[in-house]
Amino acid sequence: MPKIALQDVTKSFGKKKVLRGITLDVPAGKSVVVIGGSGTGKSVMLKCILGLLKPDSGSIKIDGVEITTLHPWQRENIMRKFGMLFQGGALFDSLPVWENVAFGLVQGKRTSRRKARPIAYEALAKVGLSEDVGQLSPSELSGGMQKRVALARAIASQPEIIFFDEPTTGLDPITADVINNLIVESVQHLGATALSITHDMASARKIADIIAMIHEGKIVWQGPASEIDHSGNELVDQFIHGRAQGPIKMAINHQ
Amino acid sequence: MLGLASVGRLSIVFFDIVGSLSKFFVQSVLSCLAPPFFARQFGRQLWRIGYNSLPVVGLTALFTGSALALQIYIGGSRFNAEGIVANIVALGITRELGPVLAGLMVAGRVGAAIAAEIGTMRVTEQIDALVTLSTSPFKYLVAPRILAATICLPLLVGIADIIGIFGGYLVGTRSLGFNSAVYLKNTMDFIQVDDVRSGLIKAAVFGFIIALMGCYHGYHSAGGAQGVGRATTNAVVSASMLILASNYFLTSLFFGT
């Protein structure tokens, strides 16, 4: 049984159809990366799985449990299995770094602050941040460090499934590679299932077991990461080589 | 036909807002009543909404009470009723000006801050992050603010009543030549429990409105910095309008007819 199973998921905003029937399986313990250009529906797909958006039709199953029809209070149990690394980090700027990392434990799982604190520092150490960073405010950190803190927050409550939303966007190539390594390490260490979305091919190659390509709200290709260069799919070829010419036409003149 | 279409469009927008506001209202009230409660957040909001608003509300009350004393003296002297200053200042401040002006000042100060903070959390995905960390944004963000504002506003208005009356007393005794003991006696004899109580109940309603509008507009903000700016403006304007409108209805409810 796949850990996450999407079947014909659709979502529209007004007249704009963003997801046109996504079908995707994420096997347990594997890292699946969904690649695709801006505006193809990657983020919307992720938000539908997280329950931040409600799909118009289709089914989303986590461990075989249909989640699109769950009540909010039933959903909370499912949410406890999730960790998420947001694109911009989404750290709480009103709290110091260590409280950010401990947040899921203290507020979500009702662990005492005293018990959560050492766990938070341990998670910070895992992403290579020293003790004194814990007392700082998130706004005092560089972009790369914020990403690390966000990663520490995502893994601190030991989730079964971790989502990565464009984990390397906005980072320099070296910091991006450090983050990629940390992602691979922490996912393997937890034995977690990972679902990432990105348009950074270096990142996708590094962290993926399986790559799927999304285009115009549909999965157009999927296969093992090692086969991405021999996909035989024109859309995939155009994307991974970053060519302006090809079957994918980017909207330039109109929104 | 064009006119009809725009009327229809406007109606849809209107009912859309009424609908989402009602839903937000119910969700907020429910999250104020059911556990889990976030005591730390609540304490923080009490401090920020209540204590930090003291200077603004106090100064507003002081100058309003003083100006009121002067105006009533000038008006009253036209028909030889200068002696009425103490009574009218007490009545005007406790029933009307204390709650309304404190409400409007706090709407500007706190309503804007709430909308900007929650709006920024929305556009930087911090609210989504809360959800992924199994924490309800309604319980963590909205409920503490609404509870704190509803409790703080009556306290602030109670203080504003005292300071406002004191402002009238200062002007009355220092520049209008009233005897200090007589002024105080007039105030105390004339003022009734109902005057103060109705003002404090109004204040609690205004506090609720301010926090609700701040949270609602912040929570639904979209579109980056501009969206947060719009949310802040909408929060202050809608809170102020609702305060003035509900003030009229509450007044007519309290004092009959």
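This is a predicted model: local features need pLDDT of at least 70, side-chain atom pairs count only at pLDDT 80 or more; totals for chains, interfaces and linings use all residues.

Residues are numbered from 1 along each chain as its sequence is written, while chains are lettered from A and ligands numbered from 1 in the order in which they are written.

Strands E3 (residues 31-35) and E9 (residues 210-215) of chain A run parallel and are joined by four bridges; strands (E, at least two residues) and helices (H or I, at least four) are DSSP runs numbered from the N terminus, and two strands pair if DSSP finds at least two bridges between them. Both strands belong to an open sheet of six strands with mixed pairing, in the order E6-E7-E8-E3-E9-E10 of chain A. Its edge strands, each pairing on one side only, are E6 (82-85) and E10 (218-224) of chain A.

Helix H8 (residues 234-241) of chain A lies across E3, E9 and E10 of chain A, at about 100 degrees to E9(A), where angles run from 0 to 180 degrees between N-to-C directions and axes are lines fitted to C-alpha atoms, for helices over the stretch in contact.

Turning to the other chain, 15 residues of chain A are in contact with 11 residues of chain B, contact meaning that C-beta atoms, placed from the backbone, lie within 7 Å. On the side of chain A that touches chain B, helix H2 (72-79), E6 and helix H3 (97-108) of chain A each give two or more residues, and the largest share, four residues, comes from H3(A).

Methods: Two residues are in contact if their C-beta atoms, placed from the backbone, lie within 7 Å.
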